[in-house]
Amino acid sequence: MTADELKRAVARAALPHVVQGELLGVGTGSTANHFIDLLAEEQLQIAGAVASSEASATRLRGHGIPVLDLEEAIASGRGIPVYVDGADEIDPGLNLIKGGGGALTREKIVAAASECFVCIADQSKCVDQLGHFPLPLEVIPMALGLVSRELSRMGGLPAIRKGFVTDNGHAIIDVSGLRIADPVLFESELDHLAGVVCNGLFARRRADIALVSSADGVRTLRA
Ligand code: 5RP
């Protein structure tokens, strides 16, 4: 199977987790794009989607799926039973690195607002310990130098993502060279750096379920 076929297979495996008639949180990236396309192709009936990026919102609307702001969703009093999104790395405890597509802040917000986070990924994303994939941080532009210096002091190798601006108008620093032994603690430490809007560790709010595709099929992991 090609990498794209593995992504589509795992996106399809997420469809039974969608609660029809309710709101649905929808993530960002190539795997999430397959999920959006399948939602439309299989004509799943949802009350509306809360998207974690402008790109996903545009794709959803292109299929005629109604998109709500999170504020509208909260004001409606309806919950978001399920959030479906990809990941860049998944460890055995279902802690994640996300943000390869730069949407980490809105992804973390929609994940926090959702009752169940279903992560969809192919086997290549599974690791014993997080940190092989460069960890993205969304940073206020005036703090790029300051945050980079602090990250170097913490043992990382920071690189500013060139020519990239997030949906929130900020920059991204990708940090390589990290071996993340305690994801919950490290997520909190990074949150305390002045100028950091959000970091791509999803450990305090990790995935509840991970669907992982390989040539042998899709397996389900639970936290
Ligand atoms: C975007 C993300 C994506 O979920 C992550 O990068 C995985 O993307 P893909 O499905 O394209 O491999 O966190 O910010």
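Visitor: Why is the contact between Lys108 and Glu187 called a salt bridge?

Guide: In this predicted model, the closest N and O atoms of Lys108 and Glu187 are 2.7 Å apart. A salt bridge needs a Lys or Arg side-chain nitrogen within 4 Å of an Asp or Glu carboxyl oxygen, so the pair qualifies.

Visitor: What parts of the chain does that pair tie together?

Guide: Lys108 sits in helix α5 and Glu187 in helix α7 (residues 183–191), so parts 79 residues apart in sequence are tied together. Both residues are buried. Shared partners also join Lys108, Glu187, Asp191 and Arg204 into one network of salt bridges.

Visitor: What makes Arg8 and Glu41 a salt bridge?

Guide: Their closest N and O atoms are 2.8 Å apart, and the limit is 4 Å, so they pass. Arg8 belongs to helix α1 (residues 3–13) and Glu41 to helix α2, 33 residues apart.

Visitor: How do you know whether Arg8 and Glu41 are buried, exposed or partly exposed?

Guide: Arg8 has a relative accessible area of 25%, and Glu41 has 46%. Buried means under 20% and exposed over 50%, so both count as partly exposed.

Visitor: How many salt bridges does the structure hold?

Guide: There are 14 salt bridges.

Methods. Residues numbered from 1 in each chain as written. Predicted model: local features only at pLDDT ≥ 70, side-chain atom pairs only at ≥ 80, totals over all residues. Heavy atoms only, no water. Helix = DSSP H or I, 4+ residues; strand = E, 2+ residues; numbered from the N terminus. Buried < 20%, exposed > 50% of the residue type's maximum accessible area, 1.4 Å probe, protein only.
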